[in-house]
Amino acid sequence: MIIKKIFLSLLLIWALTGCKKLDLAPSDRYTELTFWQVDDNVNNALNNIYNSIYTSNPFFYNEALSDNAYTRLGISAGNVDAISSGSFTVDLNRFSSDWGYYYAGIKSCNIFLGNVDKNTTLPAATRDRMKAEARFIRAWHYFNLMKWWGDVPLLKEDITADQAKTMARTPRADVLKFITDELDGAAAALPTRDQYAAADNGRVTKGAALALKARVLLYEGDAMADVVTLCEQLMNNQSQNGTYSLYGDYGGLFQSSSKYNSEVIFDLEYVLNSRMWGDYIDFAPLSIGARSNNLAPTQELVDSYIMTNGKAISDAGSGYDENNPYVNRDPRLSATVVYDQYVWKNADGSTQKIYIAPGSSPAGQEQNEYKASGQGTATGYYWRKYWDPVSVPTLQFGSNLILIRYAEVLLMYAEAKNSLGQMTSDVWDKTIGALRQRAGFTDAGALGFPGAGADLTAIIRNERRSEFAMEGLRIDDIRRWKTAETVMNGWVHGARYGDPAVDNGYLRAQLRTFDKNKHYLWPVPSSELVKDSKLTQNPNY
Amino acid sequence: MNKATSASRRLLTRYSSTCVLSAWLLLSVFPLRSQTAFSSPLKSWSPFQTQDRKITLQVKNEKLGSVLEKIEKQSSFVFVYANDEINPLRKVSITMKEKSLNDALSELLTPLNISYELVNDKIILKPAKPSVPLAGGSSGEEIKKDEPAATARPNEDITIEGRIVDANGRGLAGASVQLTGTNIGTTTNDAGAFSLRIPSERFGNGVLSISSIGYLRQDVSLSGRRTFLVRLESDNKEMNEVVVVGYATQKKISVTGAVDAINKKAIEDRPVTNVLLALQGTSPNLIIQQTNFEPGQGVNLNIRGLGTTGDNTPLIVIDGIPGGDINLLNPTDIESVSILKDAGSAAIYGSRSANGVILVTTKKGRKNQAPVVNYTGIYGMQSPRITYTPVHAWENAYYKNESLVNSGLQPVFTPEQIEQFKTQGDGDWRLANILHDAAQQTHNLSITGGGATNTYMVSLGYLDQKSNFIGPNYGLQRYNLRVNQTTEWGHFKLNTIIGYAKTRIKDHSTVSANLVVDAGRVPLYYNFQDSSGNYLTNAVSAQYNPKGILEKGGYRMLDNNEVFGNFNGEYAITKDLKVRGVFGGTVTNNSTYGRTLEVDFLPSSNYGADKSVSNYNYKGLFTNLQLLAEYTHTFAGVHDVHILVGGANESYKGEENQLVKTQTDALGRPTSTTVIDPNNSYTSNATKPDGNPATTETSLNSLFGRAAYSFRDRYFAEFNYRMDGSSKFASGHRWGGFPSGAVAWRVTEEAFMRPVKDLLGDIKIRASYGILGNQNIAAYRYQTNFSNYQGAYGFNNSAVTGARYVLGNPEITWEKATTFNIGGDLSLLNRKLDVSLDYFDKTTRDILDQRQDIPAIFGVSNLPPYNVAEVQNRGWELRASYTLSGRLLTQTFSVNLSDNLNTLKKLSGGESQEIQQMEEYQIVRKVGQPITVYQGYRTNGFFQTLDDLNKYPRFAGTTVTPGDLKFVDRNHDGVLDQNDKYILGNPFPRYTFGFTYSASIKGFDILLFVQGVGKRDEMIRGEQVEPFHVGYSGTMYTHQTDFWTPTHPNAKRPKLAENGSPSNTNNYRTGSDLFLFNAAYARLKNLQIGYTLPQALTRKARIQKARIYFTGQNLVTLSKLNFLDPEITEFNNDTGFGVGANSGRAYPMPIFTGFGIDITFL
C-alpha cells in the first residue's frame, strides 16, 4: 500500500518534471555537420587561417633576438632577452608558445583543406583559390618551424589527439620539399596581385608564393640558381606574376597612407579599431605618450648604417665623428631609430626635439633622457620605424606589417647572384643601387657599384640589415649566415652615456653568449618530449 | 533541598521517538516553523496536529516513569514533572486499548492524585493538591492550583498571575509575558513571578507568549485559567535544535551526516556587507578567501578545502531553491545556515554536491503573534589598512645610489641633492593619498507576525558602503526587500517567499590594481599635482597619474537587480503522507554603464584617449520545479520510518549583450569620429570576445529519495539517492546516480550507558559513505562547433569575420567524489559543553580538466575538458562551545578548528606534472603533492667570502659577488640547474580557525570574534619584495631596509643592485624562497560591546528591546606577513593555472568601526 503510493508519487513527479529536454545547443554557432554547407562559413574559416599567420609581438620583439635590439623586460615579450643572453632553459615559455602557435595554425589549415569540398555551392575555382591560400599559409608555418627547430613533425592532414602522441619528427629535407612543393602548387593556383579585385587586397598572391619560395631557398644557401630564377620571375616577368616596384619613400613605406603600395608582396593586415598593434606604446619616446621603453635599438645597429658617402663609419675617410655621430648617415637611420636631439614630427605636423643624452634637456622635458633605471630607453635610442603619425591616440600602430616586400626580392637576387659569382654593375644598379637611391642617397660613392674587389658579401649583408631593421629578418640572417656565433657573443651596447673607462663609454646593455653547437636550433619544448614518445630533442639541449 | 538535584536530572526532557519523527515531519513541512501551542485538547483531526494518537497500554507493576515513557512513544507529547512532586518509581498497573490521550491520562493519573496540563507538546504533571514550593528558589511562594474558569463579566479586566521557571524549577527573572495579538505584556520579577491584567473577552481564548533570552519561546492558552506555572526550556540545547537538511529539517539528534548549523546569532549585528563574509570563521573548514577587498567583490568559498582541480564552489541553496546569489542576500534576513559537508548529508543534491552544500534559510513570522517591528542600524567608518610605506625621498635617493654603485654604475644623486630632499621633505605621491576613510551604513526594518493560520515577515534593508578610493562618490548601495508569507487552509498549506535585491556599484573606469601600484611605487620625490592643480606624470609612473584617473577619468556604474521567488504548496493526503510542490527561481537583470573620460597629464601622456562609452546588459532566468512526497510512520512504537521521494527540474538561461563606442563627446554622445568598437560589442546571439556564447542555456532533470529509519532514538540509518541528467553532457553520458548511506548511534541511550549519560551527557557517533557529483563546467563542452568572431582579419582595410573551431568532447561526464566521514557529537557537563568532531576522506575521480598529455602538435590549445584527474582530500574538524552561566554573568566560549590537505593522485594520462611560470617562480601541479604548489630554489644565506665565491655552486653563466644569495644544490652535483628546485609551499590555507567569546552581565554584553589561518604559504613578487623592482618601481619601502652590506652580513635580504646587474639577476630573477612568506594570521574580525536598556524604561516607549552597541570589524591583525594583507590570495577557487603572480597590489582591507542600534517595538 505504502510502496504503491510512493511509486505512484514517483511516477507523477517524473511525469511532471521530466519533460524538460536536455539536448541544448548554443544559439550562436554551427555544428560540424552543418558548418561547411554555408558559403560564408567557408570564407570565415579561411579568414581565421589568415588570422593565425603571425602576430605583431614576435614581429617586433624578434629584433631583440638579434644584435639589432635589446629588451629590458623580456617577461612581457616571451623572454627573448633570455634567448639572446644564451642563458635560457629548455622550459622557456617562448619555445612552447611558438611551437604551439604554428601547429595551431597548421591545424586550421588542415581542417579547412580536409573539409572545404563538403561545400558544393561555391564555384570550384573559388574553392581551388581558397585552398591555395590555405596551402601557402600552412607552408609559411612549416617554414617558420623548420627555421627554428630543423626537423619537425610534418602533418599534411588533421590528426587526432591520440595520433599526436606518437608523431616523430620528419627530416628537415622532407619538410623543405613539402614547403617548396606546396608553394609551387599554390603559385600555380593563385591569382597575381593585379588579378585580384581591390576588395581582396591583403590576400595571398602568386607573387607571394614565389617570393616566399625564394626566401626558403635563399635560407638554404645551396640553391642560389633557383633563387635567381624565382627572383627574375618576379623582377622580369611581372605580367605573369604581378607588378611590383620600390615605393618612392622609404619612411612612408610603413605608414597607413601607403598601405598596399607597389612594394608590398605579403603583409599582415591592420584594420582600424579591429586589428591594431599595441606594441608601440613600449617603443616610442616617453614624451610621445609611451608607457615605458621595452625595445631599444642597439649601438651596434646604429653603427651599421653607412655614411652618406657610402663608407662604413669605421672606414678610412668616412667622415664619421664619434662626438656628432648621427650626421651624414644613411637616411634609413633616421627613418628607423630615434637618437639624441632627434626632431620628431607630431601627428599634427608640429615637431618636438627628443633629448636623450643625460642632462641635455631643457627643464621639464627630461622624460626621454637616458637613466640607469626608470621607464625610458635602456640604450639611449628609441624606435621610429612603423610609427604612424595618423595612428589613433593610444599609440596603436596604424599600418599593415609587411612580411615580404619587393626590396627583399632585390636583395635576395643580389645575394644569390653574388654567391654564384655573378654580381655585376648591372645587378648592383637594379638592386642595392636602386634601394639606396630610393632611401635618399645621392652620393655616387654610395650609389655606384663598388667593384668586384670590394667585400661584396659584407656590403650585401649590411645592406639587408639597414634596409630591414625592425622587420624581423635580422635574426634569420645571422642564423643562416652562421654569424650569430660572432655577433651574439659579448656585450651589446647602448649610446655613449656610460663610464668612459668601460667599453669606451658605450653603455653595456646585455651580455650575450651563443653556443654554435647548440643555439642555431631552438630546443624542442621539454614538455612536448614527455607527451609525444617519438619526439626527440635537438643536439646539446 | 537535596532532592532538587535529582529532580533536575530527571527533568531533562526526553522525547519519544514518535515525537522526534513527527517533529521532523512537521518541520520538514514548515521549515523552521516554531512549534506552536495547541493546548486546547483534541479537536477534530488536522494533518498538522498529532495529539490524536490513540493510546494502548498493558502494564503490570511497572514504574510510573516507564509507563509515562510508553505514552510518550505513542503520542507526540513529553512529560514534564519534578521528582520531588511525582515519584516516577511508584508502581502502577493498567490496561487500556485505543484510548484517546485525554482519557488515557485521566484513567492513569487521577487514581494517583496527579493533575496534568497540556502545554505545547508537553504534559506537565503536578500533584492534584496545592504543593510546596517547586524548588529552592524564593521561599514561601505558593503556586495555586489551577482554578476552574471564572465567569468573567464583560468589559472587565481579569488579573492572571503565574510563575516562569527554568527546567530546574528556578524562577526566571525578566522573562517577557505577552498576550498575543495585543500590546498587553509584562516581565517577571526576580522570583519569576508575574501578574497581568487582561481584557475579559480574551480570557477564554487568549494566548500568552512567554520568552526569555536563552530559552525557547512558549505559547500558553489562557483557556479561562488564572494561574500558570510555565517551564521554559533552555534554548541552544542539542535536544531542541533543529537543523535544515536537504529538502527537509531534522532534529539535530537524528542527523546522521556531517552538518554544521550556523545560527543567526553568529551573523547578527556585524558590519559585514555580505553573507559570506559574515560566515568566515563560523564553521570549521568553511574556507573563505578574498582576492581583494573592494566593495562588491566576490570571495572564494569552499567547504573542506579543495577536492577537485576544477571549480570547488559549493552548491548554494536559498530557501530550498538552488543556485541563488548569496552575495545579494541581506545578512539580517538570515535565520540559519546549514553547511552539508559529507556524502550522508549532501548526496540528496547529487551531481552538484561534491563540493558540499550551503543551505540558507531566511526568517519567517510566527503564528499568533502581534506585529513585531524591528529596526537595526549600523553606521561607521572604514579606514583602509595601508600596510607598506615608502622610505623618505632622501633615504630613497641614498639607497638608489647604493644600488647603482653596487652594480658598477655611477650614483645619480649628489650629496647636495640628497640634502635638498631632506630639507624640502617628501612629495605627496603615495597610496595613502588616493585613499580616504569612507562611511558605511546599514539599515534594516522588519515586521513579523501571524494569526491562527498564517504568518508573515516583511523586511527592508539598505546598505551603503562608500569606496576607500577618493573620487566622485564611488561605492556600493544595496536595497533588499523580502516577504515571507504562510497560509494554512485545511489540509493545504502555502508558503510564498519573494525577495528583491538591487545593487548599485559606482566604480572608477580602470583596474584597481593599476591605481594601487601606480600610487604605491613612485618614490616620494614626486607630487600628484602641481600648484595649478595639473596632474603630473614622472619618470616612474610615466604613463598614468592615478589621482587624475580617480578624480576625472570617468566611471563604471553597475546596476544589478534580482527577484527571487519561491512558492511552496503542501497537501496532506493522509496524516502520514504529504505531497509538496515547489516552484521557484530568480530573474536577474544586470547592467553596466561605463564612461571613460580623457585626462591629460603633464609633462606628457594622458588617460582615456579613446573616450569610450559602454553599455553591458545581462538577463538571466533560473527556474526550479520540485515535486516531493513524504511519508512518515512509526511502527510498533519503536520503529520510525521516514521516506521522501522527489523529482525536480532546474533550468537556466542567461543572455548578454554589449555596445562599446569610442571617441564620443564629453557627454558620451556620438560625434563624427565615433565608431562602434567591433571587438567588444556583441548581441545576445553572438560569440563574446572571450569565445564563449553570449547566450547560455542549461537544464538539469533529477529524481531523488531518502529513506531513514531509527530505532528507539538510539540507532539511526539513512539512505539517500539521487539521479541527475544534465544538459552539460551528451546523451549516454548524461545521467549519473549518487547514493549515500549513513548510520548513527546515540551511545548514551543504551541502558548500560545510563550512569555515564547522567554523569557526562549525550554522545552520538556518526558515519557516512557515499558518492557525490560535480559538474561545474561551462555549458556545451561536449559539442564540437564553429563560432564566428568579428575582426578576424582584414582585407583592403575592412575587417572580416572569422570562424573559430571549438573542439568538444562527447565523452565527458560527472566528476565523482567518494566520501567517507566519521564523526561524533558530544554534549557534556550537563550540556554546558558541546563538542563535535569529524574526520573525512574524500577521493574525487574523473575530474574534468584539461588533458596534459596531448602534445601541442595536435594544434588545439583550448582543449575540451576530459574526465582525467584524481584528487584525495582528507581532513578533520573540531567544534566546541562552552557556556558558563552565573547569577549575573553568562559567558560563552566557542571555538572551531579544522584542517584539510589534498593530494593530487592523477593529473591526466601519463603526465605527472604541469608547470606554470609565475614570473620568477613557478606553480606546479604534481602528482603526490597538493593540487597546486609553489616551486623554486631554496636560498642558503649569502656569499660572504672569497672562499664561498670559489667553492659554492652557482648557476651557469652567472657572476656572483659577496652579498648575493646562495642557493641550495639539492642534488649535490656541484651545479645549480632545474633539478635543484624544491616544492616551496602550499598556497591553500590549513588549520583555519574561529574563536568566539561572548559575555553578558546585566544589560551589558561583549562579543569577540577571532578568525584566522594557522598555516599558509604565499609567494609574493614585485616591488613589495624587490627594491626598485625591475625598473618599474622607483622606491624602496620601510620593510625592505634590512639588506646585506659588508657591515651587516646577516641581513634578511641580499644587497641592493640594479636590474640587469649580475647580482640582481642572481637574487631577484631567480625564483626562490626569497619570495616565500608565511601568511598565517589571526584577526580580530569582530568586536561588539553593547548595552541593552532596561525593559522597565523602554516599555514606556513601547519598546520591547533596545540595544546600542559599538561594533568593529578587522580591528587587529597578527601575522608574520606584515607588509601585505595575509588574507589575500592570487588564486581563484580552484588554485588553478591562468592566474598571475601575486604582486600585492590589491585594494586594501578596510577596518570598520562604528555604532549600531537594535530596537524591537511592541
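This is a predicted model: local features need pLDDT of at least 70, side-chain atom pairs count only at pLDDT 80 or more; totals for chains, interfaces and linings use all residues.

I began at Asn797(B), which sits in the loop between strand S38 (785-795) and strand S39 (798-806) of chain B. Helices (H or I, at least four residues) and strands (E, at least two) are DSSP runs, numbered from the N terminus. The phi of Asn797(B) is near 75°, a positive value in a residue other than glycine. Most residues other than glycine have a negative phi, and most peptide bonds are trans. Asn797(B) has a relative accessible area of 39%, so I logged Asn797(B) as partly exposed. My cut-offs: buried is under 20% relative accessible area, exposed is over 50%, and partly exposed is in between, with a 1.4 Å probe and protein chains only.

Residues are numbered from 1 along each chain as its sequence is written, chains are lettered from A and ligands numbered from 1 in the order in which they are written, and side-chain values use heavy atoms, with hydrogens and water left out.

I found Gln341(A) in the loop between strand S5 (337-338) and strand S6 (342-345) of chain A. Its relative accessibility is 32%, so Gln341(A) is partly exposed.

Next I checked omega. The peptide bond from Leu602(B) to Pro603(B) is cis, with omega near 0°. Pro603(B) lies in the loop between strand S29 (599-600) and strand S30 (606-607) of chain B.

**A lysine without a partner**

Which side chain of opposite charge is nearest to Lys363(B)? I got Glu268(B), 4.5 Å away. Lys and Arg count as positive and Asp and Glu as negative; His and the chain ends are not counted. A salt bridge needs a side-chain nitrogen of Lys or Arg within 4 Å of a carboxyl oxygen of Asp or Glu. Lys363(B) is buried yet has no salt bridge. Its side chain does reach the backbone oxygen of Thr332(B) at 2.7 Å. Lys363(B) is placed in the loop between strand S21 (357-362) and strand S22 (369-384) of chain B. I listed its contacts (heavy atoms within 4.5 Å), leaving out residues up to four places away in sequence: Lys264(B), Thr332(B), Asp333(B), Ile334(B), Glu335(B), Met457(B) and Asn484(B).

**Salt bridges**

Two of those neighbours, Glu335(B) and Lys264(B), meet in a salt bridge at 3.6 Å, N to O. Glu335(B) lies in strand S20 (residues 334-340) and Lys264(B) in the loop between strand S15 (259-263) and helix H5 (275-279) of chain B, so the pair ties together parts 71 residues apart in sequence. Glu335(B) is partly exposed at 23% relative accessibility. Lys264(B) is partly exposed at 24%.

I then took Arg746(B) and Asp762(B), whose closest N and O atoms are 3.4 Å apart in a salt bridge. Arg746(B) is in strand S36 (residues 735-746) and Asp762(B) in strand S37 (residues 761-774) of chain B, 16 residues apart. Both Arg746(B) and Asp762(B) are buried.

I noted a total of 86 salt bridges over all chains.

**Two buried strand residues**

Thr698(B) lies in strand S34 (residues 695-711) of chain B. Its relative accessible area is 16%, so Thr698(B) is buried. Among the residues Thr698(B) touches are Leu24(A), Tyr652(B) and Ala779(B).

Ala880(B) lies in strand S42 (residues 866-885) of chain B. At 18% relative accessibility, Ala880(B) counts as buried. Ala880(B) and Phe995(B) are 115 residues apart along the chain, and their C-alpha atoms are separated by 9.7 Å. I found Ala880(B) touching residues including Asp834(B), Phe893(B) and Val895(B).

Note on methods: A polar contact is a pair of N or O atoms within 3.5 Å; within protein, one must be able to donate a hydrogen and the other to accept it, and residues adjacent in sequence count only if both atoms are side-chain atoms.
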